[in-house]
Amino acid sequence: MTDARQVPPPSAQDPVARIADLRARPRRTVLAVPGSSVRMIDKARGLPVDEVFLDLEDAVAGPAKDEARENVVAALHTGGFAAPTVVVRVNAWDTEYTVRDVTEVVGRAGSKVDALLLPKVRSASEVVALDLVLTQVEKAAGLPAGHIGIEPQIEDALGLTNITGIATSSPRVLTLVFGPADFMASVGMRTLTVGEQPEGYTPGDAYHHVLMSILVAARAHGLQAIDGPFLKVRDEEGFRRAAARTAALGFDGKWVLHPSQVDAGNEVFSPRQDEFDKAEGILAAYAHSTSVEGGARGAVMFGDEMLDEASRKMALVVSARGRAAGMTVSDPTITNG
């Protein structure tokens, strides 16, 4: 299998343009893969996810950290991932592994890494520290300084409190990622099922505040917002329910832990065909109405709806997500007549 990523070598890229490209890539499904399992890494190569991250953190026991790094470096050199974006989750700064994760992985296979996922981020200084280490390792490895992105993961109350500072801590930041399990523990939420509502919290959504805080900070600073995992991997209905909740808010995607969650995740975080068709129709109708040929009107009827500039902006969001998912209009007359 050949590597599906059609990107020039990092040495040929401007780091600013490189980061902008990484920030704009679809992340409907983000597959977590333990770096300690060669079998699971190999299986992940062919899965149709938007991003895959090779995990050196919680999915790897302490005694297996060294072996996991070797597995990850070898997997990066081998390539062949169907996912357009390949990421490595390093260990958090409260461990003894972080710097070695960066020096080993980026120093030996940095040209194959799109971003580093930094877990348990509690302050902007932790992202700044990773940025500084990354810059030194990139330079030592002959890579352009700044070409590898950072995806901070928000996993406790302090991290959520400092969300704006984290979002603006480095030009490398691509996304803000919710880590539900550690977050639930940090606030003392009374449940043992990650991704589900705690028993007794009805009606409502116990995660609404944290999800909206992450989403608003991400959107305010041009970043993507990614939801964390749903651990009951055989419960597709539960996964769909949890994914639909964050997709409805505006999140860009969600972690998947098992091949059974991939198709559902890609579907939930893509527009429905009727939504995409309507968005494309709105854009076409509004473009015509505001042109000289169309009378240069600022508002126009589309079916039984009155459209204005705000309608165009809303349609652009749906259109962009649909196009990123490879969608096309089901009827050409929607946009040309």
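Which residue stands opposite Leu 54 in β3? The legends below take up this pairing and its surroundings in a predicted model.

**View 1. The pairing of strands β2 and β3.** Strand β2, covering residues 51–55, runs parallel to strand β3, covering residues 85–89, and the two are joined by five bridges. Within this pairing, the residue of β3 that stands opposite Leu 54 is Val 88.

**View 2. The closed barrel of eight strands.** The strands follow one another in the order β1-β2-β3-β4-β5-β6-β7-β8, and their pairing is parallel. From one strand to the next, the twist averages 25 degrees.

**View 3. The packing of helices α12 and α13.** Helix α12 (residues 273–289) packs against helix α13 (residues 309–324) at an angle of about 135 degrees, and the axes of the two helices are 8 Å apart. Because an angle over 145 degrees would count as roughly antiparallel and one of 65 to 115 as roughly perpendicular, α12 and α13 are described as oblique to each other. Their crossing is left-handed.

**View 4. The residues in contact between α12 and α13.** On the side of α12, the contact is made by Glu 275, Phe 276, Ala 279, Glu 280, Ile 282, Leu 283 and Tyr 286, while α13 contributes residues including Arg 312, Ala 315, Leu 316, Val 318 and Arg 323. Sorted by class, the contact of α12 with α13 has eight nonpolar, three polar and five charged residues.

Technical notes. Residues are numbered from 1 along each chain as its sequence is written. This is a predicted model: local features need pLDDT of at least 70, side-chain atom pairs count only at pLDDT 80 or more; totals for chains, interfaces and linings use all residues. Side-chain values use heavy atoms; hydrogens and water are left out. Axes are lines fitted to C-alpha atoms, for helices over the stretch in contact, and angles run from 0 to 180 degrees between N-to-C directions. Helices (H or I, at least four residues) and strands (E, at least two) are DSSP runs, numbered from the N terminus. Angles under 35 degrees count as roughly parallel, over 145 as roughly antiparallel, 65 to 115 as roughly perpendicular and the rest as oblique. A crossing is left-handed if the near helix is turned anticlockwise from the far one by less than a right angle, and right-handed if clockwise. Contact means heavy atoms within 4.5 Å. Ala, Val, Leu, Ile, Met, Phe, Trp, Tyr, Cys and Pro count as nonpolar, Asp, Glu, Lys and Arg as charged, and the others, Gly among them, as polar. Two strands pair if DSSP finds at least two bridges between them.
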